Amino acid sequence: MGGARTAPIPVAWEDGKATDFVLDNGMEVVVIPNHRAPIVTHMVWYKIGSADEPPGKSGIAHFFEHLMFKATTNHAAGEFDRAVFEIGGSQNAFTSSDYTAFYQTVAPSALELMMSFEADRMRNLILTDDVVKTERDVVIEERRSSTDTNPQDVLHEEIDATLWQNQPYRIPIIGWMQEIEQLNRVDATAFYEKYYWPNNSVLIVAGDVEPETVKVLAEKTYGKVARGPDLPPRIRPVEPEQNTRRTVTLSDARVSVPSFSTQWVVPSYHTAKPGEAEALDLLSEILGGGNRSRLYQALAVQQGIASSACAYFQGTMLDDTRFAIYGAPRGDAKLADLEAAAAAEVARIAKDGVSSEELGKAKERFVRDMIFAEDDQDDLACIYGSTLATGGTVKDVEERPSRIRRVTAAQIKAVAARYLAFDRSTTGYLLPKTENEEMTLGAQPHAAMNIQEVKSEKGMIAWLVEDHTVESSTSALPSTAASGRTRSGRRGWPI
């Protein structure tokens, strides 16, 4: 029951055609046969995440993930865990901004047993005041030990609360402490009764199975669960147009190496215009997707000022999402110099674009990573589950490689210029406690910035700031859109 986790970017598989069907009670089922090993991954995805929580009840989605492992009318607390352990399998769960998922990896012969347990707790949980209080204390301690004591996580929460001005992705998945402390049995029961139904879930089965077998077992187990009330569309508050550059700074004695991250609100695969999300995915690959990327080559290899440098785009979100660049200096290099150099690489793509050769190599790496991801069976199930739980389809998964291959250099340049404007960004600084105060304030790190003091005839002093990091044009302005948040993706992101 591991808190927040984000699924990988959707891909399509060369071997193992996915089969998709819907049970009479509305539960969607996807089966992806993969006979490389005699194991199967069984996942249930509920279309409910932290961004769907009622105001003032932050953390209840993650809290309820914990409660799902308690007793039901048919099984004692811990019985499900013991059954998985005794057959040599594994199980866990995770909560995201947009979904909550529960999964087991077992031998194919145990698939029916897993389905039976999972279908049982979908509707038959026993929620008492004692059960709720005990698990609430567990979550409170989880927040204290894993978030409040970790400078990176503390900064991450503050960045989210700054990047998102209106959209609920600004609220931490684990919840704010003062609201977690108030969660109770009434809250938990209401949440359960509203969201945990077969018609609000997706079943993914990947591995050494056949679709016909899974369909029979699914109808035998999940098919007996009654359909729940139809839920309204998942329409969330819309993010206003962003028009300022914001910074968030955390200095902490436990930090030994400073770092920065700059983030922008951009469309996800669910909200983007045709081709935009694919272009953003390839832009993240070109800019910071590995040791061949522009950021790594320029900052780590050529200039030698970065110990790490990367870019990140989390495309699988229900609403808009984030694009981020990250860097940490090497040796005596200054964080401001590193940030300025990274900003220059972003601006260069927005101004000059990328070459056809560079784009071609990025496509090859990206599609190859998609295919290699098939070797991890959990990822295989997560790819389909995260897509379907955020408004996508099996067809979207299957067509993703071909759409990636169709992206043009002009599209890469267009999304960089349109969305990665520094005057509409949020930058977070994680600094050692002993850092110079000017660095703590993040004092104008961009190399292309020119700052002048201007004094009027009447003695009024003003500061003139010229910022030439990105060409200014009306076509580069992003449209107003909704927003999204999740922590890690295909390559992950350190903060």
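K57 is partly exposed, with a relative accessible area of 26%; here buried means under 20% relative accessible area, exposed over 50%, and partly exposed in between, computed with a 1.4 Å probe on protein chains only. I begin with this residue and its partner. Please note that the model is predicted: local features need pLDDT of at least 70, side-chain atom pairs count only at pLDDT 80 or more, and totals for chains, interfaces and linings use all residues. Residues are numbered from 1 along each chain as its sequence is written, and side-chain values use heavy atoms, with hydrogens and water left out.

Which residue does K57 pair with? K57 forms a salt bridge with D187, and the closest N and O atoms are 3.1 Å apart. A salt bridge is a side-chain nitrogen of Lys or Arg within 4 Å of a carboxyl oxygen of Asp or Glu. This pair links distant parts of the chain, 130 residues apart: D187 lies in helix α7 (residues 185–195), and K57 in the loop between β3 (40–46) and α1 (60–67). Helices (H or I, at least four residues) and strands (E, at least two) are DSSP runs, numbered from the N terminus. D187, at 13% relative accessibility, counts as buried.

How many salt bridges does a search of the whole structure find? The search finds 29. As a general point, side chains of opposite charge can pair when their charged atoms come close.

D160 belongs to helix α5 (residues 151–163) and R322 to strand β10 (residues 321–329), 162 residues apart in the chain. Are these two residues buried or exposed? D160 is buried, with a relative accessible area of 1%, and R322 is buried as well, at 0%.

E358 and R294 form a salt bridge whose closest N and O atoms are 2.8 Å apart. E358 is partly exposed at 22%, whereas R294 is buried at 11%. Elsewhere, salt bridges that share partners join D52, D98, R234, R236 and D319 into one network.

Finally, I turn to helix α3. Of its 13 residues, 10 are buried, and the helix is mostly covered. Among the buried residues are L111, F117, E118, D120 and R123.
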